[in-house]
Amino acid sequence: MVAIIVHGGAGTIRKEERIPKVIEGVREAVLAGWRELKRGSALDAVEEAVKALEDNPIFNAGTGSVLTLDGKVEMDAAIMRGKTLEAGAVAGIWGVKNPISVARKVMEKTDHVLLAGEGAVKFARLLGFEEYSPITDGRLKQWEELRKKLVEKGETRHWKKLNELIKEYPEVLRSTVGAVAFDGEEVVAGTSTGGVFLKMFGRVGDTPIIGGGTYANEVAGASCTGLGEVAIKLALAKSATDFVRLGMDAQAASEAAISLATKYFGPDTMGIIMVDSKGNVGFAKNTKHMSHAFMREGMKEPEAGV
């Protein structure tokens with residue numbers, strides 16, 4: 001029973017007119033992945049689905065990534081194969097169009113799991129990834145407005161103040177994209193993000209942390225979205241697959257993982273998508289919205305929503 005699910009980030013979409021665009025974006029992404037999945041490869045399906053999300057500037061990954069406190073883009077991405085536990089990730093990478101593809105090359109071409117910063121950029125150039133600026137005019141304008149607000153209040157050094165901005169502007173400050181697929185043989189999970197708007201330079205979230213925001217093994221795979229520090233502290237993606245190992249299906253495990261996040265860190269913090277090795281899909285959130293779309297064998301059209 002082959003299956004694929006994608007997400008476009010958890011949080012609150014305050015502008016109602018954006019919702020159809022977001023839903024269409026995840027729908028297109030899951031169809032891009034489904035085409036590859038029908039050819040037999042969950043690995044290709046996850047990469048193509050995440051690339052579609054990275055290329056859509058409405059999402060905070062690849063093109064359209066949010067800016068750091070000092071006005072730069074530092075992106076994170078990871079991909080993992082459940083059958084072999086092979087994994088590749090990049091953290092704080094810039095100047096590339098599709099970080100998920102660089103992460104896959106880390107998995108396939110190196111003996112390492114995670115490359116960061118300048119080293120990740122050098123590796124990408126070595127493998128032929130061309131220079132690319134993911135900064136959009138919209139993100140630049142948002143950065144200027146939000147940074148001015150922080151500077152005027154003298155709050156640039158305090159994460160708790162940044163969290164107040166996150167509450168005020170959740171749709172632009174917090175989101176990630178991801179995909180999980182099962183091709184009948186293995187589960188693969190992938191995640192990509194621009195991080196948190198106005199994050200400190202050098203900050204790395206959960207996305208490239210294997211077990212934190214991205215994880216796959218022989219029983220299930222998971223991709224998380226929300227406050228990265230929460231997912232890291234709970235090893236949330238790995239914890240979600242452990243729930244499957246204990247007998248839950250993907251939906252029950254997703255709900256259990258979000259219950260765990262809510263218990264320790266409160267509501268409005270996390271979202272998760274999953275696929276298990278029986279082809280079940282699951283998703284859960286403790287935020288108002290989380291755009292998602294999925295396809296399973298036997299479905300003619302994706303199911304998508306927020």
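1. Arginine 203 is buried, its relative accessible area being 11%. The model is a predicted one, and this point and those below describe that model. Arginine 203 sits in the loop that runs between β6 (187-193) and β7 (214-216). Its side chain makes a polar contact of 3.0 Å with the side chain of glutamate 229.

2. The UniProt record, an unreviewed entry, lists Arg203 under "binding site", together with Val204, Gly205, Asp206, Thr225, Gly226, Leu227 and Gly228. The annotation may be inferred rather than shown by experiment.

3. With neighbours within four places in sequence left aside, glycine 228 is in contact with Arg203 and Asp206.

4. For "active site", the unreviewed UniProt entry gives Thr176. Threonine 176 is in the loop between α7 (170-173) and β5 (177-182). At 4% relative accessibility, threonine 176 is buried. Not counting residues up to four places away in sequence, threonine 176 touches His7, Gly8, Gly9, Asn60, Thr191, Ser192, Thr193, Thr207, Cys224 and Thr225.

5. Asparagine 60, one of the residues touched by threonine 176, lies in the loop between α2 and β2 (75-81). Asparagine 60 is buried, at 0% relative accessibility. Its side chain reaches the backbone oxygen of glycine 195 at 2.7 Å. Leaving aside neighbours within four places in sequence, the contacts of asparagine 60 include Ser65, Val66, Arg139, Ser175, Ser192, Thr193 and Gly194. The C-alpha atoms of asparagine 60 and phenylalanine 283 are separated by 19 Å, and the two residues are 223 residues apart along the chain.

6. Helix α2 (residues 42-54) packs with helix α3 (residues 99-109) at an angle of about 150°, the axes being 8 Å apart. The two helices are therefore roughly antiparallel, since angles over 145 degrees count as such. On the α2 side the residues that meet α3 are Leu43, Asp44, Glu47, Val50, Lys51 and Glu54, and on the α3 side they are Pro99, Ile100, Ser101, Arg104, Met107 and Glu108. The residues of this contact comprise 5 nonpolar, 1 polar and 6 charged.

Conventions. Residues are numbered from 1 along each chain as its sequence is written. This is a predicted model: local features need pLDDT of at least 70, side-chain atom pairs count only at pLDDT 80 or more; totals for chains, interfaces and linings use all residues. Side-chain values use heavy atoms; hydrogens and water are left out. Helices (H or I, at least four residues) and strands (E, at least two) are DSSP runs, numbered from the N terminus. Buried means under 20% relative accessible area, exposed over 50%, partly exposed in between (1.4 Å probe, protein chains only). A polar contact is a pair of N or O atoms within 3.5 Å; within protein, one must be able to donate a hydrogen and the other to accept it, and residues adjacent in sequence count only if both atoms are side-chain atoms. Contact means heavy atoms within 4.5 Å. Axes are lines fitted to C-alpha atoms, for helices over the stretch in contact, and angles run from 0 to 180 degrees between N-to-C directions. Angles under 35 degrees count as roughly parallel, over 145 as roughly antiparallel, 65 to 115 as roughly perpendicular and the rest as oblique. Ala, Val, Leu, Ile, Met, Phe, Trp, Tyr, Cys and Pro count as nonpolar, Asp, Glu, Lys and Arg as charged, and the others, Gly among them, as polar.
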